[in-house]
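User: I'd like to go through the labels on this one and see what stands behind them. Can you take me through it?

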Amino acid sequence: MSSSTQAASEAKEQEYLFLKAERKRHEIAFRQQQAMLALGGAAVLLLLVLLVALYLSRRRERAAHQALQETHRLMQAQQAEIIRQKNELTDQAATLRAQNGQLEIHKQFRTKIFSIISHDLRAPFNSLKAALGLVLRKSLSESQMQHVFGLLSRDVEAAADMLQNLLVWSKAQLEESHVKMENIDLRQLVEENLAFAAAQAEEKEIRLVSLISAHIQVRADRERLNFVLRNLLVNAVKFSFEGGVVLVQVRVQEKSVTLAVRDSGKGIPSNFIPKLFTEERVTTPGTRNEKGTGLGLMLCRDFIESQNGSIEVDSEEGRGSVFSVTLQRTDTCATKATEADAVALA
């Protein structure tokens with residue numbers, strides 16, 4: 001074989017080997033591309049799976065959150081309903097206690113009324129019945145009749161006073177009896193009540209003196225304060241000696257006014273003072289053996305306290321008593337009472 005032919009053969013063999021190597025390289029590259037595509041597809045698929053799982057997880061979380069919110073809302077609603085029911089039960093219990101308290105007050109009031117009627121009012125009427133029987137039988141002399149009628153007069157007066165107090169007390173116990181607060185001119189009110197007590201004072205030659213200046217006003221219930229003043233003045237006259245003096249004075253403080261009824265009469269035993277404004281109904285005869293009911297001061301305390309006021313007593317046996325009533329003052333109230341404004345009623 002010639003050298004040219006051998007060279008051509010070697011060249012073809014080299015070309016064949018090159019083409020074979022190139023084909024193998026292409027095959028390897030193709031397989032690598034397929035592997036890369038498969039890996040990319042797997043990655044994309046895995047990503048899609050992860051995205052779906054994340055979506056489903058977020059959806060479950062939202063559903064769980066909504067369910068939790070709904071549960072919380074229901075719990076709040078149930079708690080609010082429990083609180084409402086608890087408040088209703090508390091209000092019902094308070095109403096029931098108030099009703100029971102009111103029933104107890106009415107029961108005590110009824111018991112007191114029957115006790116007073118059966119004991120205190122029956123005695124004067126029995127005395128009157130007995131005296132009328134003696135008169136009808138004409139078994140008394142004229143002097144004896146005068147003596148008996150004098151005693152009966154005091155009994156009837158005490159019974160009438162008690163009936164009046166019972167009526168006032170009964171009215172105060174009624175639900176429709178409200179305290180009607182208003183501005184009251186104290187000087188005018190005191191003078192009206194001094195005029196009421198003037199006849200009784202004149203019989204014992206007792207002077208009624210008011211040392212209250214003009215324009216002193218208090219915040220009070222007129223009807224109830226009238227009752228208190230009338231009782232204090234009548235009591236002062238009852239327990240004063242003949243020729244004595246009953247003095248009405250006032251002291252004005254920053255937010256209150258204190259009205260004092262002072263007498264120089266027989267005074268009150270020290271062991272009676274703690275019982276005066278209670279329901280024990282302590283009674284003592286006046287300086288002319290005037291009878292009392294024992295209801296007046298108890299009602300005075302109730303009426304003054306119902307007006308956010310207070311009542312006190314300072315007394316010494318044999319030297320007289322001072323009953324002081326403190327009430328709310330008004331803004332237009334004067335600041336001082338002077339003796340130049342004194343008014344004396346004989």
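Analyst: Let's start with contact, which means heavy atoms within 4.5 Å. On that basis, and leaving aside neighbours within four places in sequence, asparagine 193 is in contact with Asn226, Leu229, Arg230 and Leu233. Keep in mind that this is a predicted model, where local features need pLDDT of at least 70, side-chain atom pairs count only at pLDDT 80 or more, and totals for chains, interfaces and linings use all residues. Residues are numbered from 1 along each chain as its sequence is written, and side-chain values use heavy atoms, with hydrogens and water left out.

User: Why is asparagine 193 called buried?

Analyst: Buried means under 20% relative accessible area, exposed over 50%, and partly exposed in between (1.4 Å probe, protein chains only). Asparagine 193 has a relative accessible area of 1%, so it is buried. Its place is in helix α3, residues 186–203; helices (H or I, at least four residues) and strands (E, at least two) are DSSP runs, numbered from the N terminus.

User: What makes the pairing of asparagine 193 and asparagine 226 a polar contact?

Analyst: A polar contact is a pair of N or O atoms within 3.5 Å; within protein, one must be able to donate a hydrogen and the other to accept it, and residues adjacent in sequence count only if both atoms are side-chain atoms. The side chains of asparagine 193 and asparagine 226 are joined at 2.7 Å, so the label applies.

User: And glutamate 317, why is that one called exposed?

Analyst: Its relative accessible area is 54%, so glutamate 317 goes down as exposed. The residue sits in the loop between β6 and β7. Apart from neighbours within four places in sequence, it has contacts with Lys266, Gly267, Ile268 and Pro269.
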